[in-house]
Amino acid sequence: MLLNCHTYYSFKYGALSVEEFLKEVSSGGYSTVALTDINNTSACIEFTRRADEFNIHPVIGIDFRNGVQQQFVGIARNNEGFRELNEFLSSHLHEKMDFDPVAPNFKNAFVIYPFSSSDKKLKENEFLGVSPEDLKKLPFTKWKNDQGKLVILQSSTFRNKKDYNLHRLLRAIDNNTLLSKLPDSEQASPGDIYLTKTELLVIYSEFPEIIKNTGQLLNKCSLDFHFGENKNKRFYTGSDEEDFKLLKKECLKGLKYRYKNPDKQVLERLDKELKVIKELNFCSYFLINWDLVNYARMNNYFYVGRGSGANSLVAYLLLITNVDPIELDLYFERFINPYRTSPPDFDIDFSWVDRDDVTRYIFEKYGYDKAVLLGTYITYNHKSAFREIGKVFGLPDEEIVELQKNPDPRQANEYGKWVIQYSSYISGFPSHCSIHASGILITEKPVSYYTATELLPKGFPSTQFDMHIAEDAGLHKFDILSQRGLGKIKDSLEIIKENKGIEIDINDVKRFKNDSISQNLLRQGKAIGCFYIESPAMRMLLTKLRAGDYKSLVAASSIIRPGVASSGMMREYILRFQDQERREKAKQALPELYKILEDTYGVMVYQEDVIKVAHYFAGLTLDEADVLRRGMSWKFRQRNEFWKVKERFFENCRAKRYKDSTISEIWKQIESFANYAFAKGHSASYAVESFQALFLKAYYPLEYLTATLNNGGGFYGISLYVHEARLHGAQIEAPCVNKSDWLNRIEGKTIYLGIGFLHQLESETGEKLLQERSRAGNFLSLKDFVSRVQISLEQLIILIRIGAFRFTGINKKKLLWDAHYLLGHSKKTKTEPTLFNPEVKDFKLPELWKHELEDAFDEIELLGFPLISPFRILKNENLPGTTSRELPQKINNIVEIVGYLIHRKPTRTNKGEVMYFGTWIDREGQWIDTVHFPPSLKKYPFYGPGCYTIRGKVVDEFGFISIEVDSIERLENRNLDN
């Protein structure tokens with residue numbers, strides 16, 4: 001009987017989740033209802049999938065509205081009707097068009113107009129909706145004695161007063177207005193509630209024909225999404241047989257490239273993988289990924305394939321990944337097993353400048369009707385809920401911030417209590433659609449069979465559902481990502497070729513992994529700029545593990561992840577690595593578990609370890625183990641199937657007579673993985689990229705660091721990479737109008753910073769400068785520059801102050817004088833060069849005094865950092881002389897040392913108190929690591945960037961040396977007055 005139901009996917013309008021909606025209509029006595037969210041289909045698949053749990057026959061459609069003004073409701077008779085509705089909605093969303101009050105000619109969908117449209121001439125599939133309020137008007141219309149086209153239209157948006165208040169708050173948020181000023185026209189009628197079936201039938205009891213028409217309409221609707229079936233593109237070539245032939249052919253081709261003499265183990269693994277891939281109909285999935293990387297190689301796009309698919313030999317042979325699963329003994333069942341219904345994950349990273357073109361290729365090759373970006377939702381979190389609710393109640397910003405920090409109703413005024421109460425209600429509500437970071441769907445049937453699409457800023461259509469709903473529907477994503485680490489490697493190869501004349505085969509991975517100089521850099525933690533291994537935490541871990549080879553780095557890449565670290569397993573892994581006796585005790589305590597995880601000393605480190613433990617230790621089937629693995633996602637963990645498997649896990653372990661404490665401890669490890677642990681193949685892919693970067697850094701440090709700067713740096717600020725280049729012998733030059741490009745460039749051992757590094761320089765100015773230099777050659781003087789480049793005085797002053805005209809040999813103050821004369825004190829950009837330019841008079845200026853640090857302070861203002869050591873601008877020169885290299889000789893001693901702050905990371909103690917880890921460099925450019933426990937942090941907090949005197953105790957933990965800080969004091973810089 002309900003034809004117009006809303007969930008909270010009617011963004012900033014509805015108040016119920018899909019589950020709450022199903023509970024409400026089920027308890028209300030309904031067996032069939034239509035879900036019709038406003039201009040949205042986000043909930044349709046989840047509603048259809050779960051309806052059977054609540055004994056509901058699902059009907060779906062769309063409530064087409066301009067703002068809140070209903071034009072008509074479309075209800076799908078079948079899957080074709082849902083496609084029609086989706087395509088109609090998508091076209092309007094893409095073009096941002098209002099809906100006409102008259103529906104198009106749907107062939108497989110019903111249309112219900114609001115009673116206000118009662119003068120319309122209705123087609124066969126069209127009806128007029130009559131709300132309880134409209135019943136009062138019905139006797140006075142032409143429909144009084146002709147009710148064959150009338151149906152019940154009870155709009156259902158909220159259950160009770162609380163929901164109604166929530167609806168009004170959401171409407172005020174949407175209109176960016178105070179709740180007190182929200183007009184009635186922008187909100188639903190208080191009568192738009194979920195009535196029970198009995199209540200509804202009583203209201204319409206005098207209109208049995210309307211009740212009958214409504215039931216008949218609903219009974220004519222039936223959709224089937226065939227949940228559990230793979231709906232990705234079925235064939236790559238046109239048939240299963242041809243797909244398999246092509247896949248096998250390309251694997252055999254790759255076999256010759258990857259292995260000179262493949263042994264029995266390789267051949268048997270290949271046969272096994274191909275057999276399972278064929279049985280599960282995943283051939284096209286592998287071939288599409290192969291097609292993407294082929295396109296990338298043809299266009300000289302560097303990429304890295306990772307994800308669980310990186311455990312696959314087939315992926316290695318197809319050059320999708322550079323991870324050899326035989327070398328690392330990668331677990332086959334993590335990548336694929338006969339019980340798995342979804343294909344393995346492939347995350348393919350491209351340079352941030354190449355990814356958009358790869359995305360374009362996918363849409364153009366596979367069709368804009370069958371390729372789509374995967375959507376997601378922006379939801380209200382704690383802070384945003386408080387901010388939005390606070391705004392509509394008219395609270396000032398400072399009160400909202402205070403409530404965010406201290407949401408205690410006992411300490412709040414009346415409005416504050418309402419904000420706290422209703423913020424908790426909308427926390428987790430979806431606010432609007434967004435785009436998944438990397439997911440793309442490629443479907444067999446048009447996307448419109450499953451969802452309407454949005455056209456968000458990327459310019460490609462995106463689904464109105466997220467990845468979890470996509471998986472439920474049998475739509476499995478391709479992950480196309482971008483990262484700047486690959487941009488560094490790609491640009492390095494080009495710069496090395498240009499500056500050194502050397503070409504490097506970046507896919508010669510064995511050479512990089514076995515290179516002793518690269519391994520030594522890794523062992524010493526000298527990996528600034530190198531992907532994934534340059535952070536302080538990773539440097540600490542690598543030191544403690546004495547990691548210098550590829551396999552050690554593979555383990556470290558997963559151990560550093562939050563899930564492993566937060567469970568205490570990272571520390572346990574380090575302790576077992578360092579202590580043979582501890583390993584033996586662990587082995588004796590649980591020999592079965594240790595045998596399964598022998599490579600990682602009995603500690604769960606990788607995603608597949610969960611599957612191994614669940615399958616071999618707890619006796620779960622492989623498909624149950626995979627449910628457990630998927631349960632690492634918090635979204636999936638909420639589902640019944642996960643909890644059923646959890647019960648089975650405990651039952652099986654008890655049947656094997658393991659202690660309850662042991663079972664609980666192992667389960668805690670599994671839970672702590674959350675969504676963070678890596679598949680081993682994924683970690684290995686990261687390790688390969690790290691070694692590629694290490695090799696380039698080891699042999700071509702200046703070229704690599706130039707590329708690093710051009711790709712925005714890395715974990716640290718830009719100034720550290722400039723400092724690192726200087727340590728490797730580079731001469732760093734400030735931007736120059738004749739030598740610099742927009743990005744940084746290297747010439748021999750000299751790195752010219754790019755003019756794009758000047759924060760206040762407009763890109764238009766830089767573009768004109770470079771175009772003119774390219775057209776007519778280098779600039780001869782300031783006057784020559786001004787005569788050829790359209791520029792404002794303000795922009796010219798920036799170039800002069802940074803020293804961009806130092807080639808003239810004229811000091812900056814004289815050049816500034818000349819600039820004012822040449823541009824006539826105008827602050828506006830000249831529209832065109834003048835025909836008669838004034839000569840620069842040779843003014844006889846008095847000798848202009850220049851402070852020795854004047855250039856450094858200009859650089860700090862214009863670049864964000866000085867090109868000299870930060871220690872040279874300190875006011876006090878009589879400072880402690882201890883250096884980082886002396887610390888190993890001062891273990892357990894109190895020292896004073898001067899450091900320049902590079903990075904600080906907050907964390908919390910077991911008691912919830914804030915503490916910090918600090919990262920610094922000393923005057924020689926070497927690392928200093930500090931630990932700031934709560935007592936010292938409270939007395940001696942950080943006061944922003946700069947140099948500090950650090951006092952504390954030197955400690956050594958497994959070879960990693962740090963200072964436990966007693967006190968820090970920020971040192972004063974000189975200024976231009978002294």
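Start by selecting helices α19 and α31: they are roughly perpendicular to each other, a label for angles of 65 to 115 degrees, with under 35 roughly parallel, over 145 roughly antiparallel and the rest oblique. Before going on, note that this is a predicted model, with local features needing pLDDT of at least 70 and side-chain atom pairs counted only at pLDDT 80 or more, while totals for chains, interfaces and linings use all residues. Residues are numbered from 1 along each chain as its sequence is written, and side-chain values use heavy atoms, with hydrogens and water left out.

**Stop 1: the helix crossing**

In residue terms, that's 516-524 for α19 and 680-699 for α31; their axes come within 9 Å and cross at roughly 100 degrees. Axes here are lines fitted to C-alpha atoms, for helices over the stretch in contact, and angles run from 0 to 180 degrees between N-to-C directions. Helices (H or I, at least four residues) and strands (E, at least two) are DSSP runs, numbered from the N terminus. Show the side chains of Ile517, Ser518, Gln519, Leu521 and Leu522 on α19, then Phe691, Leu694, Phe695, Lys697, Ala698 and Tyr699 on α31, to see the contact (heavy atoms within 4.5 Å). Colour by class and you get 8 nonpolar, 2 polar and 1 charged; Ala, Val, Leu, Ile, Met, Phe, Trp, Tyr, Cys and Pro count as nonpolar, Asp, Glu, Lys and Arg as charged, and the others, Gly among them, as polar.

**Stop 2: from α31 to α32**

Pick Ala693, Leu696, Lys697, Ala698 and Tyr699 of α31, facing Pro701, Tyr704 and Leu705 of α32.

**Stop 3: the open sheet**

Next comes an open sheet of 3 strands, ordered β15-β17-β16 with mixed pairing. Two strands pair if DSSP finds at least two bridges between them. Select β15 (731-733) and β16 (745-747): these are the edges, each with a single partner strand, so one side of each has no neighbour in the sheet. The twist averages 25 degrees from one strand to the next. β15 and β17 (residues 750-752) run parallel over 3 bridges, and Ile732 sits opposite Ile751 in β17. Helix α32 (residues 701-710) packs on this sheet, touching β16 and β17.

**Stop 4: the barrel**

Jump to the 5 strands that close into a barrel in the order β18-β19-β20-β22-β21, with mixed pairing. β18 and β19 pair antiparallel over 8 bridges; look for Tyr900 opposite Ile921 in β19. Then show α20, which packs on the sheet and touches β18, β19, β20, β21 and β22.

**Stop 5: the largest pocket**

Stay with α20 (536-544), one of the elements that supply at least two residues each to the lining of the largest pocket. On a 1 Å grid over the protein atoms alone, a pocket is an open set of points with protein on both sides within 12 Å along at least five of seven lines, a cavity is a set where a 1.4 Å probe fits but cannot get out, and lining residues have an atom within 4 Å of a point. The pocket's volume is about 1,300 Å³, meaning the space filled by probe spheres set on the points, with grid points joined across faces, edges and corners. Centre on Ala537, Met540, Met570, Lys905 and Phe917, the closest to its centre of the 38 lining residues.

**Stop 6: the cavity**

Finish at the 1 cavity of 30 Å³ or more in the whole structure. Select Arg355, Thr359, Leu373, Lys458 and Ile480, the closest to its centre among 13 lining residues. β11 gives the largest share of that lining, 6 residues.
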